Amino acid sequence: MFGVTVNYFSSIHSSTSTKQSVFFALSLLKNCSHVSTIVLSDGSEAEDHELRKYCESINVHYAHQGRLASFGDTYNYGACFLKEDWIALMASDIYVYPATFSAFDNFIKNHHELPIGCLIPYLSASDLLFQMNQNRLDAYASLMTYNLNIFRRDVFLKIGGVNTMLNGCFNDIVTCIQLKKNGLDVFIVGGSYALHYGRLTVGNNINHKYIEDEKLFITKYPEYYDEDGYFKVKTVKFFKSNFLKVLFHIDRYYGNRKFTSAIIKHIPFFQKI
């Protein structure tokens, strides 16, 4: 069984769809038999009484810290209420199916031998091109972004949860670094799929500062930073496949952006289990 914390943030600049999205996202989670606990962690400045009332009506725990909270702090606070061995962090514009979680469960049961640090699904929209791949394979993903992410609870605590020094950018890369340092990896699960509206939680509703986060990331992890790299990161440091590493080095030498995209898109093929 999985415990899920959903990250929500709203401000005076938020559109109506931001709030309506979280209603829909929560209602879909209630259809999932493999989900035992749901927490809505609200990082907005003020508590939303309408959301709290809705959560109470469908047996979802509404959590608000009484103040404006950062991206990482909001996720970590919600995770504090989860007691399951496996926990999920989910954005409020992710729409799941029952099979989204049953596929995660099957993967965990069938792959005890793998160094699982984080599991991710395939998505309808993602900044990671391989997450939108139609040929859905079980594979070493090596990279991930925060949209729907499964962790063992003890692993999540060991890596310190979501980085709170960053405002919302590079948090996912820092998590990948922490997992790698602990001998763990990110896996994408072929049978797991979810709809992602795509950037509904950013735009005018943004609660992070990219330039500040980039400077902090460079200071803290200079060996992983690459101004011209994918996500401005030396992604080759995360790859499992040596062949993929060679391809990426060749690509960087010639500087072909289209080739870079093609490589990223086919990571599951090169690193399939």
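**Aromatic pairs.** I looked up ring pairs first, and the count comes to 20 aromatic pairs; rings of Phe, Tyr and Trp (its six-membered ring) pair if their centres lie within 6.5 Å. I picked Phe217 and Tyr221: their centres are 5.6 Å apart and their planes at 40°, so this pair is tilted (planes under 30 degrees apart count as stacked, over 60 as edge-to-face and the rest as tilted). This is a predicted model, where local features need pLDDT of at least 70, side-chain atom pairs count only at pLDDT 80 or more, and totals for chains, interfaces and linings use all residues. I number residues from 1 along each chain as its sequence is written, and side-chain values use heavy atoms, without hydrogens and water.

**Buried or exposed?** I found Phe217 buried at 2% relative accessibility and Tyr221 buried at 6% (buried is under 20% relative accessible area, exposed over 50%, partly exposed in between, with a 1.4 Å probe and protein chains only).

**A charge over a ring.** I noted Arg136 over the face of Tyr193, 4.1 Å from the ring centre (the rule: NZ of Lys or CZ of Arg within 6 Å of the ring centre and within 35 degrees of the ring normal). Lys237 has its charged end over the ring of Tyr224, 5.5 Å from the centre.

**Leu26.** Leaving aside neighbours within four places in sequence, I saw Leu26 in contact (heavy atoms within 4.5 Å) with Val6, Ile38, Leu40, Tyr54, Cys55, Ile58 and Val60.
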